[in-house]
Amino acid sequence: MNSMHSVWAKRFEHYIGEVMKYMRFVFTGHIAIVLVFIAGAGGYQYSEWLKVVQPDFPAEWLIALIVGGLVAFSRPVTLLKEPDQVYLLPLESQMPNYFKKAMNWTFWSQLLVPVVLYIIAIPLLKEVTTLSVGEIWLTAAFIAVLKFINVRAEFNYRYANRGNAIVLDRFVRAIVSIIGIQMTLTDGLLGIVFLIMMAYYTFTLKKKVQDNPVPYEHFIKLEQNRMMRFYRFANYFTDVPHLKGSVKRRAWLDFAYKTISYKKENTQAYLIYRTFIRTDDHFYLWVRLTAISAVIAMFITIPFVTWIVAGALAFATTLQLKYALMSAGDFRMDMLYPIPRDTRKQAVAKLLRQLSIVQAIIVTLCAVMQPQFYIIPVVIIAVSELTMRMSK
């Protein structure tokens, strides 16, 4: 038992260290400022909307759908590594102690999001329902217990079925969780019935687990995919050395190459365009930051906040793409040809200017119903140009 606890403790310490190493690059100063403005503007608009919300607004169902779906999505965090399927095999009888630690961490690490969303929704519940303070916080406790059961249900299902048909399992648990939360908000006693159903379902899965060996391959693959998603996210903010980005042709963007005339001096421009369009990390970085800026511009009605967010995301887009496209250190055939050194830098600058214009057009179109929307493209293009010129 103690050996499994020490194994988990070492794995957990290494995992936290790995996460913190990259998260310090994610939550930098400009990102923190953007988050503060988004939270402030969102809170202000939320409070203004509460003043005009209709009494018949289906708050219970909306909260149940969002929170119930998050509660049902309970992918286990096991921290298992590929060598474990060999080295931990002799200790399989002690693995329940290891998985107990893993499920506890999974529960506490995944509980925050649904609980915070529910707390944010409390003013809405007070506005459109007759729930007392005690009933509201009783529902919060119900959500925590429901999450605890869902974590164990998904783990046991994956253990017993090697992850096969996990989508169906999640769908069933999501339906039960959503109805359970909705019933708790309308009639607390009926909600307990769904809690008992989930507990019984988890108990039946637990019995199946006892007759099966540990599915190391499934849990290891699950853990590898989870960490790869984190590394890809961190790679948008800093270089992750052991991460290799995938490449996809994207034939629907072939027209972009036709804008580059067939000349020797345009060699780097052609390579830079292909690198950006075909490399998932570069392409999706621009798409995601542009999408975030567009969504914020669409819903935030405070011009000053929209300008700051659009400018900050334009800064992040230009800076990260410039470093990514200029720092490619792999050998390329163009290095054998007599092409001036500044050609690559000029090609990157040309692409970044065009991307900033496209980003400005998309964000402006999404904000066209907002006041003073015409200032947004000026902010995006100006910030992008300044970032490109002042960064090394």
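This is a predicted model: local features need pLDDT of at least 70, side-chain atom pairs count only at pLDDT 80 or more; totals for chains, interfaces and linings use all residues.
1. Stepping back to the fold, the protein chain has 14 helices and 0 strands. The C-alpha trace spans about 70 × 60 × 35 Å along its principal axes.

2. Now the aromatics. The structure holds 21 aromatic pairs. Take Tyr22 and Tyr231: their ring centres are 5.8 Å apart and the planes stand at 80°, so this pair is edge-to-face. Tyr22 belongs to helix H1 (residues 2-26) and Tyr231 to helix H9 (residues 216-234), so the pair ties together parts that are 209 residues apart in sequence. Tyr22 is buried, at a relative accessible area of 5%, and Tyr231 is buried too, at 11%.

3. Also have a look at the aromatic cluster formed by Trp8, Phe12, Tyr15, Tyr98, Phe99, Trp105, Phe155, Tyr159 and Phe219.

4. On contacts across the chain: counting those between residues at least 6 apart in sequence, 81% join residues at least 24 apart. Of the 392 residues in the protein chain, 44% are buried.

5. Last, surface and charge. The protein chain's accessible surface comes to about 21700 Å², and 68% of that belongs to carbon and sulfur atoms. There are 42 positive and 25 negative side chains, with the centres of the two sets 6 Å apart.

Note on methods:
Residues are numbered from 1 along each chain as its sequence is written. Side-chain values use heavy atoms; hydrogens and water are left out. Helices (H or I, at least four residues) and strands (E, at least two) are DSSP runs, numbered from the N terminus. Buried means under 20% relative accessible area, exposed over 50%, partly exposed in between (1.4 Å probe, protein chains only). Contact means heavy atoms within 4.5 Å. Accessible areas come from the Shrake-Rupley method with a 1.4 Å probe; for residues, only the protein chains shown count as cover. Lys and Arg count as positive and Asp and Glu as negative; His and the chain ends are not counted. The place of a charge is taken as NZ of Lys, CZ of Arg, CG of Asp or CD of Glu. Rings of Phe, Tyr and Trp (its six-membered ring) pair if their centres lie within 6.5 Å; planes under 30 degrees apart count as stacked, over 60 as edge-to-face and the rest as tilted.
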